[in-house]
Amino acid sequence: MLNPIQVLCSDITTLSLEPEPFASYTEADIISTVEFNHTGELLATGDKGGRVVIFQREPESKSEPFSQGEYNVYSTFQSHEPEFDYLKSLEIEEKINKIRWLPQQNAAHFLLSTNDKTIKLWKVSERDKRPEGYNLKDEEGRIKDMSTVTSLQVPVLMPMDLMVEVSPRRVFANAHTYHVNSISVNSDYETYMSADDLRINLWHLDITDRSFNIVDIKPTNMEDLTEVITAAEFHPHHCNLFVYSSSKGTLRLCDMREAALCDKHSKLFEEPEDPSARSFFSEIISSVSDVKFSHSGRYLLTRDYLTAKVWDLNMESKPLETYQVGDSRPHVKIYKTSQWISPLRLSCCGQ
């Protein structure tokens, strides 16, 4: 059983599934991404081996009133396999880069997972009943001889042990030249976007063979390239707004109503740099690794190498708050957890 604070740690073994953490783990067991669903009842983790492990929060019991925050394994499945691009002689890793839950519309859950190139939509459902009493099939599912059917009966549903089924519903591929670093589901629940180093594509959840390019920062001459896209996120309420961050530490808010290709941003959030504090590592530590909207959509939370910053959408000149979460050491320790994590891989959570 795990405390939810502990599962926010990247680069650790798969949620300490072994009795002795780190005693016997491989590179494939290292967690690469984590994501709660909208209610917080389910937590999905992806690892470098292409696996997705879903944890479910335990209900609070009278005998153990403080056990509600504990998560147990709900389902495990293989999301991606290693591939090889023969045209480019490029090996595609199976590592899960991002997981995003879709808002729940019925009893089933849906989530998106992606590696460097391919995005997949998965359906997670429960089954605790099985049909019995078929007219044309026997108990083993084989078709009966029609001549032996002398009467008709109404099939019934009989209870069975709970079974969690995970099935692939869509595969979105062949749209990114560079490595996919983020995906975000739109508030219209019909579209989502995927971002790589230089482009952002808009997808419809029901259409897998084509996408629409909405951001392209690739220069004509690659030698003129000065920054790359590091993360992208849709506004939680306005389906036309999205934000993306760059390796220079800037945030660009774009409105899809202004133009089909959002090369020109509506707002640019950038903190003025102190020339006296500039060093060789300034650009490295200022690179934004993740960005999230608050639940209200009024604020932005960003994470770079050493700080977490809160931005107001109405104030572009500087952040409202800056929290120091690290120092010059290569690793930092986060409050309320005993696990050491790499600050470059920590995902920001919306407030």
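Q: Which residues make up the aromatic cluster with Tyr192?
A: Phe172, Tyr192 and Trp203 form that cluster. Keep in mind that the model is predicted.

Q: Where does Tyr192 sit relative to Trp203?
A: Tyr192 stands opposite Trp203, which is in β13. Strands β12 and β13 pair in the antiparallel sense, over five bridges, and a hairpin of three residues joins them.

Q: Which way do the β12 side chains point?
A: Thr191, Met193 and Ala195 point one way, while Tyr192 and Ser194 point the other way.

Q: What's on the β11 side of β12?
A: β11 (residues 182-185) pairs with β12 in the antiparallel sense over four bridges. Ile183 has Ser194 in β12 as its bridge partner. The two strands form a hairpin with five residues between them, and Tyr189 in the turn has a positive phi of about 60°.

Q: Back to Met193, what does it touch?
A: Leaving out residues up to four places away in sequence, its contacts include Ile183, Ile200, Leu202, Ile214, Phe234 and Phe242. Ser182, Asn201 and Glu233 are also among them.

Q: Which residues touch the most other members of the largest nonpolar core?
A: Met193, Ile200, Ile214, Val215, Phe242 and Tyr244, out of 13 residues in that core. The elements giving two or more residues are β12 (191-195), β13 (199-204), β14 (212-216), β15 (229-234) and β16 (241-246). β15 gives the most, with three residues.

Q: What about a second core?
A: There is a separate one of 12 residues, which includes Leu42, Val52, Tyr74 and Val124.

Q: Switching to ring pairs: how many aromatic pairs are there?
A: A search of the whole structure finds eight. In one of them, the rings of Phe77 and Trp122 have centres 4.7 Å apart and planes at 45°, so that pair is tilted.

Q: Which parts does the Phe77 and Trp122 pair tie together?
A: Phe77 lies in β4 (residues 71-78) and Trp122 in β9 (residues 119-132), so the pair links parts that are 45 residues apart in sequence. Phe77 is buried at 9% relative accessibility, and Trp122 is buried too, at 6%.

Q: How do Phe234 and Phe242 pair up?
A: Edge-to-face, at 6.2 Å centre to centre with 75° between the planes. Both residues are buried.

Q: OK, charges now. How many salt bridges does the structure hold?
A: It holds 18. One of them joins the side chains of Asp29 and Arg51, at 2.8 Å from N to O. Asp29 is in the segment before β1 (31-36) and Arg51 is in β3 (residues 51-57), so the pair ties together parts 22 residues apart in sequence.

Q: Which other residue is in a network with Asp29 and Arg51?
A: Asp47; salt bridges link the three in a network. Arg51 itself is partly exposed, at 24% relative accessible area.

Q: What does Arg127 form a salt bridge with?
A: Glu165, with the closest N and O atoms 2.9 Å apart. Arg127 lies in β9 and Glu165 in β10 (residues 156-172), so this pair connects parts 38 residues apart in sequence.

Q: And are Asp209 and Arg210 buried or exposed?
A: Both are exposed, and their side chains meet in a salt bridge at 3.3 Å, N to O.

Key: Residues are numbered from 1 along each chain as its sequence is written. This is a predicted model: local features need pLDDT of at least 70, side-chain atom pairs count only at pLDDT 80 or more; totals for chains, interfaces and linings use all residues. Side-chain values use heavy atoms; hydrogens and water are left out. Rings of Phe, Tyr and Trp (its six-membered ring) pair if their centres lie within 6.5 Å; planes under 30 degrees apart count as stacked, over 60 as edge-to-face and the rest as tilted. Buried means under 20% relative accessible area, exposed over 50%, partly exposed in between (1.4 Å probe, protein chains only). A nonpolar core is a set of buried Ala, Val, Leu, Ile, Met, Phe, Trp, Tyr and Cys residues joined through side-chain atoms within 4.5 Å. Contact means heavy atoms within 4.5 Å. Two strands pair if DSSP finds at least two bridges between them. A salt bridge is a side-chain nitrogen of Lys or Arg within 4 Å of a carboxyl oxygen of Asp or Glu.
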